[in-house]
Amino acid sequence: MNFKLGKISDLASPFTVIIFFLQFLVIIGYFGYDYYMDSSESCIQCHGSKEKMVEFGYPQFYVTLTDVRKQTGHSTVSCRDCHLGNGRAKDKDEAHRGMLKPIYVKDSMDIVDRKMLYKKNDFELNRLIPQGKDRLFDMLPKVKEDGELHLHPEVRNILWHDRNSESFNFDPEIAKKTCGKRGCHSDELKQFKTTVMAINFRQRTMVSWLKPYGPHNCGPSFADVPPEEVLNKAGFDFTNTEKIRKEMNIPFTDEQAMRRQKMCNICHAGCLDCHYAPSRERGSHAFLKVPDSYSCMGRGRGNSVCHTGAAQSRRGETYIGGFYSIPQGRSADIHFKKGIHCADCHPSGKKGMGDMQRKATCQDCHIEIEKAHSKSIHRNLSCTACHVTEAGGYQITIWGRGYIGDKPTPFKKYSLYYGVQKPLILMKDQKGIWFPVKIFPHSVSNIREDVSSSGLHYRWKNSETKDMYYIVGTVNNLPSGNRHLLWFQIEEVSHPFGKARNCKSCHKGRQISVSTWQYEDTQGAEPFSGGYKIIADEKGLRIKDFWHTKINVLPGFKLTDFASWIYFTDKWFIPGDFSIKVDRNRYTAYLKLYESKLKSIKKLEKKIKDENERKKFKEIKGILIHNPELNIKELFFDVKNKVF
């Protein structure tokens with residue numbers, strides 16, 4: 001083949017020139033039109049004009065582009081960057097078509113239009129800012145009656161607009177067009193999609209009630225997309241639904257699976273759950289670069305969003321305390337009282353954005369105390385073993401027949417047995433370290449086959465968590481519900497840190513914890529109270545001495561639907577030795593040493609007047625309390641001339 005060098009003009013002809021020119025026009029036209037449509041001009045013209053917003057009847061939605069950029073902290077952001085829609089349309093309906101907005105969810109897991117929640121003149125109520133006195137619910141819509149604000153009866157939860165409006169999952173496709181668009185946070189989105197938080201790995205791994213790692217308080221993944229290494233989609237998948245059907249002896253439809261799954265998906269986070277932080281001071285477009293503890297707790301969107309909904313109190317639901325505790329009014333974690341937020345101890349890991357580190361270490365701050373503790377007689381105890389003494393939230397969970405909204409379901413979760421369990425039972429983890437656990441009974445009805453006891457198992461064998469479960473087995477011959485599957489839910493408790501438990505609570509051999517609760521569900525029965533004891537000793541671990549006040553069952557329900565535990569209060573037993581061994585002579589000698597050192601510390605403390613010396617003394621005092629065998633004079637060397 002001969003190739004002749006020459007000029008481009010030698011190859012040109014009228015036809016090739018026309019083709020080239022047309023291609024050029026198509027490319028320029030495509031990108032030009034895309035650039036033209038990626039405008040927020042109409043949004044700004046309307047929402048940036050107070051007169052127009054008053055004329056339209058929505059003065060509360062007046063906001064200038066300058067206001068938005070100041071509140072968000074994004075100096076170049078425009079309306080469509082976050083909300084999409086048509087920024088060139090002059091007609092309101094056309095401009096709002098495809099626009100992203102908050103999702104208001106009813107009890108039935110259906111979406112209610114925001115316009116249906118408020119009267120036309122509810123200007124102040126119809127704003128995305130905290131309202132009301134209860135911070136746990138202050139972002140939910142309100143109605144005003146006799147001058148008082150009350151929760152809107154139509155709304156259970158509010159979700160931000162990076163969620164899929166069908167499944168309520170975080171939607172990576174929406175995020176790709178908004179937060180993760182080119183020039184914004186594309187790298188962060190890429191990182192986030194690989195994290196456990198985005199993938200929702202553990203929930204999606206529970207394929208049925210029994211597999212792969214036992215029944216769980218959250219239930220199986222009823223109709224969710226399967227876990228992947230990288231989150232690529234949001235929606236429903238019915239592979240697990242079919243597996244669940246095979247374990248049950250009653251019908252379970254796809255629609256029921258979807259409604260149940262949507263209720264689960266409300267809890268799991270996307271970009272805006274962490275970083276969107278509307279407030280009265282900063283406005284309804286306020287953002288946080290680093291999420292604070294209120295973001296982790298759902299920022300006022302109810303007790304089933306983010307970590308207020310994570311199995312209700314198994315981890316950090318009580319970190320903030322007050323309104324953000326169940327029951328409300330409990331004390332906050334000592335670290336929160338000192339201004340320390342969740343991300344200070346649980347920073348992002350190697351995967352980047354959203355890869356929050358599950359395990360925190362006290363050694364980051366309490367270095368010398370950790371050293372003293374590691375050489376002490378209590379070195380096989382976690383810090384939480386002494387400093388976390390109670391767990392609130394769910395005290396019983398029963399899965400039975402009921403309703404999601406007004407739609408029947410075989411899997412209504414009766415978990416609003418709200419109360420406190422204390423002092424916490426201590427158990428050994430995979431490495432032989434004692435740590436505190438929350439232990440509470442569970443059951444699900446209408447299991448098809450008999451299930452035998454499972455033995456005590458850690459859910460995650462590589463120590464991803466210290467959570468355990470024990471399947472008691474199935475119990476039959478109840479008035480209804482056929483076979484009921486019973487299990488112990490045993491979960492690590494990490495908060496709230498506070499004053500340490502006393503020595504006797506561990507060193508009496510037998511561990512006893514007491515749970516008291518109030519039933520607060522709107523289904524099943526009128527409110528009633530109850531409780532039980534958890535006993536752990538050399539004979540095993542058992543729940544016993546159940547008690548309750550009178551139960552007034554609501555029409556259409558049976559005790560087996562919501563309180564099946566009443567029929568098998570004698571079934572809760574785990575064989576094994578769960579006692580804390582006590583050498584009485586050694587214990588008495590060590591206690592005497594501890595009390596003697598404590599007495600000496602208090603005498604020394606009275607002699608210190610200088611504030612700087614007092615701070616130093618406080619640190620050394622902490623070291624000595626955690627290891628009384630250390631030499632007191634050596635520890636106080638820096639200040640001994642002034643206090644000895």
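Predicted model: local features only at pLDDT ≥ 70, side-chain atom pairs only at ≥ 80, totals over all residues.
Most residues other than glycine have a negative phi, and most peptide bonds are trans. Two bonds that depart from the trans form are described here.

Lys 211 and Pro 212 are joined by a cis peptide bond, with omega about 0°. Pro 212 sits in the loop between helix H11 (201–205) and helix H12 (239–247). A cis bond also runs from His 495 to Pro 496, where omega is near 0°. Pro 496 belongs to the loop between strand S12 (483–492) and strand S13 (511–519).

Phe 168 is not a glycine, yet its phi is positive, at about 70°. The loop between strand S4 (157–159) and helix H8 (172–177) holds Phe 168. Its relative accessible area is 0%, so Phe 168 is buried.

Cys 306 also has a positive phi, near 55°. Cys 306 lies in the loop between helix H15 (293–296) and helix H16 (334–337). Buried means under 20% relative accessible area. Cys 306 has 9%, so Cys 306 is buried.

## Nonpolar cores

The largest nonpolar core has 40 residues. Ile 439, Phe 488, Leu 541 and Trp 565 touch the most other members.

What does Trp 565 touch, not counting residues up to four places away in sequence? The partners are Ile 396, Ile 398, Tyr 417, Trp 517, Phe 528, Phe 546 and His 548.

## The H21–H22 pair

Helix H21 (residues 584–607) and helix H22 (residues 611–626) have axes that come within 11 Å. The axes cross at roughly 175°. Angles over 145 degrees count as roughly antiparallel. H21 is therefore roughly antiparallel to H22.

On the H21 side, the contact involves Tyr 594, Lys 597, Leu 598, Ile 601, Leu 604 and Glu 605. H22 contributes Arg 614, Phe 617, Lys 621, Leu 624 and Ile 625. By class, the residues of this contact are seven nonpolar, no polar and four charged.

## Thr 397

Thr 397 is part of strand S5 (residues 397–404). Its relative accessibility is 0%, so Thr 397 counts as buried. Setting aside residues up to four places away in sequence, Thr 397 touches Asn 217, Lys 413, Tyr 414, Ser 415, Phe 440, Pro 441, His 442 and Ser 443.

One of these partners, Asn 217, also makes a polar contact with Thr 397, side chain to side chain, at 2.9 Å. Arg 301 is 96 residues from Thr 397 in sequence. In space the two are 23 Å apart, C-alpha to C-alpha.

## Ser 40

Ser 40 is in the loop between helix H2 (14–37) and helix H3 (41–47). Is Ser 40 buried or exposed? Its relative accessible area is 6%, so Ser 40 is buried. Leaving aside neighbours within four places in sequence, Ser 40 is in contact with Ser 78, Cys 79, Arg 80 and Gly 87.

Definitions and conventions. Residues numbered from 1 in each chain as written. Heavy atoms only, no water. Helix = DSSP H or I, 4+ residues; strand = E, 2+ residues; numbered from the N terminus. Buried < 20%, exposed > 50% of the residue type's maximum accessible area, 1.4 Å probe, protein only. Core = buried A, V, L, I, M, F, W, Y, C linked by side-chain atoms within 4.5 Å. Contact = heavy atoms within 4.5 Å. Axes fitted to C-alpha atoms, helices over the stretch in contact; angles between N-to-C directions. Parallel < 35°, antiparallel > 145°, perpendicular 65-115°, else oblique. Nonpolar A, V, L, I, M, F, W, Y, C, P; charged D, E, K, R; others polar. Polar contact = N/O pair within 3.5 Å; in protein donor to acceptor, adjacent residues only side chain to side chain.
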